[in-house]
Amino acid sequence: MEEGFKQPQRQSSIGVLLMFVDTLQQWGRGLWPILVVYIFKFDELNKAYLFIGISVLLVAIGIVAYLKYLNFTFYLDNKNEEFIINEGILNKTKTIIQLSKIQQVNINQSLLQRIISVYELDVDTAGSNKKEGKIKAISHPVALALKARLIENEKIEVDCETSELGPKTDTAGERPFMTISFLSLLKVGITSNYVRSLGLILAFFATIYENSKNFLASSDFDEKKIDAYLDKSAVIPSVAIIVLLLFCSILIINLVRVIFRYFGYKIARQNGSLLLSFGLLSTKSTIIKPEKVQIVTITRNFFQKKMNILELKIKQATSGEKEGRKSVIEIPGCNEKESVEILNLLFLKTPKKGIMLKPNFRKLVFMIFLSIVLPLSGFLAFVKYIEPRFLDFAYVLPLYVFFVGSVVYFGFRNNRLFINDNFIIKQSGAWDVDNKIIELGKIQAITTSQFFWHKRADIGSITIHTAGGNVAFQLGNYSEIKRYVNLWLYELETSNSNWM
């Protein structure tokens with residue numbers, strides 16, 4: 001296989017169809033205003049000219065797609081240990097990726113790619129906000145062999161010329177040692193992401209409400225007649241039904257999202273790394289190298305604890321917070337035993353919670369002031385000086401104080417920093433409790449801060465910087481924080497660790 005990658009080679013020939021669809025989408029996004037005008041003025045257009053124009057456009061897209069296929073080549077420079085991709089029609093681009101800098105290689109397959117039996121291979125390195133290399137149409141054997149060569153430097157003999165899917169030869173190192181069952185996905189779907197789904201639903205209904213309001217304002221509807229038609233005695237049952245439908249919608253959205261995204265989730269060992277594959281319509285296969293892992297987050301709420309499931313989120317080196325959120329690798333629905341096995345493979349040991357640092361009570365007071373006192377003061381001032389009619393909704397205030405107060409209290413109670421000889425674990429969250437695990441050798445920088453009014457109380461904050469993001473702990477014992485920071489910095493300076 002390595003011999004086959006020494007020479008520049010093209011993608012699978014059937015990939016021209018994929019490039020045609022991709023080019024059609026790109027042109028469609030650029031020409032959508034013209035398409036909208038044509039749709040609304042379809043009856044006024046000359047059908048013959050319209051047909052000729054569409055035909056010319058499709059032919060042009062076909063030519064562009066073929067030229068993209070013809071000019072796209074990739075190969076391995078074994079002498080310099082580089083992966084090289086050439087592409088472009090008029091402006092030629094040559095991308096050179098050093099094998100030692102490759103952090104992650106993903107093998108994906110969309111619905112169209114599944115239909116035409118090709119795969120997409122993405123190459124990612126640390127320090128960039130996009131995928132450095134992307135091959136959109138190669139066969140499964142070629143994708144596996146190229147992935148192994150890029151990420152593991154293995155030699156695998158596979159027929160590089162074939163573009164058929166062929167039988168899959170599963171080596172002993174790639175047999176799944178863990179499979180997330182459909183029942184576990186159902187548990188995750190009904191116990192997670194409530195806030196995200198609620199936000200989507202509220203945004204949807206807010207859009208409908210705004211459009212309906214504009215429509216009624218521009219029409220001849222009499223609002224007084226509409227108010228008279230509505231039965232005020234049915235308001236409370238209607239609200240109850242709406243709340244019930246909202247809750248059911250959240251559960252359905254969560255279930256559909258989790259099942260479609262993570263269906264058939266399998267985890268296998270491959271030469272000391274984790275090989276993950278999942279997806280229903282769009283499948284994804286990716287490798288996690290333990291030395292590249294920056295932050296591992298274990299997330300669990302009350303219901304998930306009772307069902308003995310949790311979620312793992314793995315962050316590798318990223319170029320920014322936005323890209324970091326996109327590149328988080330999630331393992332949903334594993335149990336305690338499985339999570340320990342994964343952590344042992346990633347860290348070669350099980351992270352334990354050591355010495356615990358607590359935030360000062362001033363943090364709780366400050367959060368109560370920000371989330372309860374200030375909003376209530378603003379509401380009362382608004383009612384008194386601007387709109388007194390809003391006082392009719394004062395019955396909501398106790399509910400707001402109870403809900404927000406509970407979130408603030410439990411968030412403060414769960415806010416802890418655990419320290420042992422090898423790991424730092426930051427615990428946080430009110431409902432979904434996160435435990436972020438950082439290996440000491442992965443720390444890039446440490447920032448400590450203290451306001452002058454906190455010196456007498458001896459409290460301050462610390463921010464731990466890694467290539468996968470930052471972890472902050474605020475208003476803890478500053479003397480203890482400085483003592484551990486000095487110890488960590490000494491260990492980093494005397495360590496020979498080089499995870500990059």
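F382 is partly exposed, with a relative accessible area of 31%. Partly exposed lies between buried (under 20% relative accessible area) and exposed (over 50%), using a 1.4 Å probe and protein chains only. F382 sits in helix α14. Helices are DSSP runs of H or I with at least four residues, strands are E runs of at least two, and both are numbered from the N terminus.

This is a predicted model, where local features need pLDDT of at least 70, side-chain atom pairs count only at pLDDT 80 or more, and totals for chains, interfaces and linings use all residues. Residues are numbered from 1 along each chain as its sequence is written, and side-chain values use heavy atoms, with hydrogens and water left out.

**Surface patch**

F382 belongs to a nonpolar surface patch of about 890 Å². Helices α14 (361-385) and α15 (396-414) are the elements that give two or more residues to the patch. Patch residues have over 30% relative accessible area and no salt bridge; nonpolar side chains (Val, Leu, Ile, Met, Phe, Trp, Tyr) are joined within 5 Å, like charges within 9 Å. The areas come from the Shrake-Rupley method with a 1.4 Å probe, and for residues only the protein chains shown count as cover.

**Salt bridges**

A salt bridge here is a side-chain nitrogen of Lys or Arg within 4 Å of a carboxyl oxygen of Asp or Glu. The count by this rule is eight. The table includes three of them.

| Pair | N to O distance |
|---|---|
| K136 and D22 | 3.0 Å |
| R300 and E336 | 2.8 Å |
| E480 and R483 | 3.2 Å |

The K136 and D22 salt bridge has an N to O distance of 3.0 Å. This pair links distant parts of the chain, 114 residues apart: K136 is in strand β6 (residues 133-138), D22 in helix α2 (residues 15-30). K136 is partly exposed, at 26% relative accessible area.

R300 and E336 meet at 2.8 Å. They too link distant parts of the chain, with R300 in strand β11 (residues 293-300) and E336 in helix α13 (residues 336-347), 36 residues apart. R300 is buried, with a relative accessible area of 16%. E336 is partly exposed at 38%.

E480 and R483 share helix α16 (residues 478-494). Three residues separate their positions, about one turn of the helix. Both ends are partly exposed: E480 has a relative accessible area of 27%, and R483 has 46%.

**Sheets**

Two strands pair if DSSP finds at least two bridges between them. An open sheet of three strands runs in the order β1-β2-β3, with antiparallel pairing. Its edge strands, β1 (73-77) and β3 (93-98), each pair on one side only. Neighbouring strands are turned by 15° against each other on average, direction ignored. The angles are taken between N-to-C directions, from 0 to 180 degrees, with axes as lines fitted to C-alpha atoms (for helices, over the stretch in contact). Strand β2 (residues 82-87) joins β3 through six bridges. F83 has I97 in β3 as its bridge partner.

A second open sheet has seven antiparallel strands, ordered β13-β12-β11-β17-β16-β15-β14. β13 and β14 (355-357) stand at the edges with a single partner strand each, so one side of each is left without a neighbour in the sheet. The twist averages 20° from one strand to the next. Four bridges join β15 (residues 416-419) to β16, running antiparallel. F418 pairs with I425 in β16.

Strand β19 (residues 459-466) is mostly covered, with six of its eight residues buried. It pairs antiparallel with β18 (residues 445-449) over five bridges, and S449 has S461 in β19 as its bridge partner. β19 also pairs antiparallel with β20 (residues 469-477), over seven bridges. There H465 stands opposite N470 in β20. β19 and β20 form a hairpin with two residues between them.

**Nonpolar core**

The largest nonpolar core has 31 residues, and L276, I331 and L346 have the most contacts inside it. The elements giving two or more residues include α7 (182-191), α10 (235-262), β9 (273-278), β12 (310-316) and β16 (423-428). Helix α13 gives the most, with five residues. A core is a set of buried Ala, Val, Leu, Ile, Met, Phe, Trp, Tyr and Cys residues joined through side-chain atoms within 4.5 Å.
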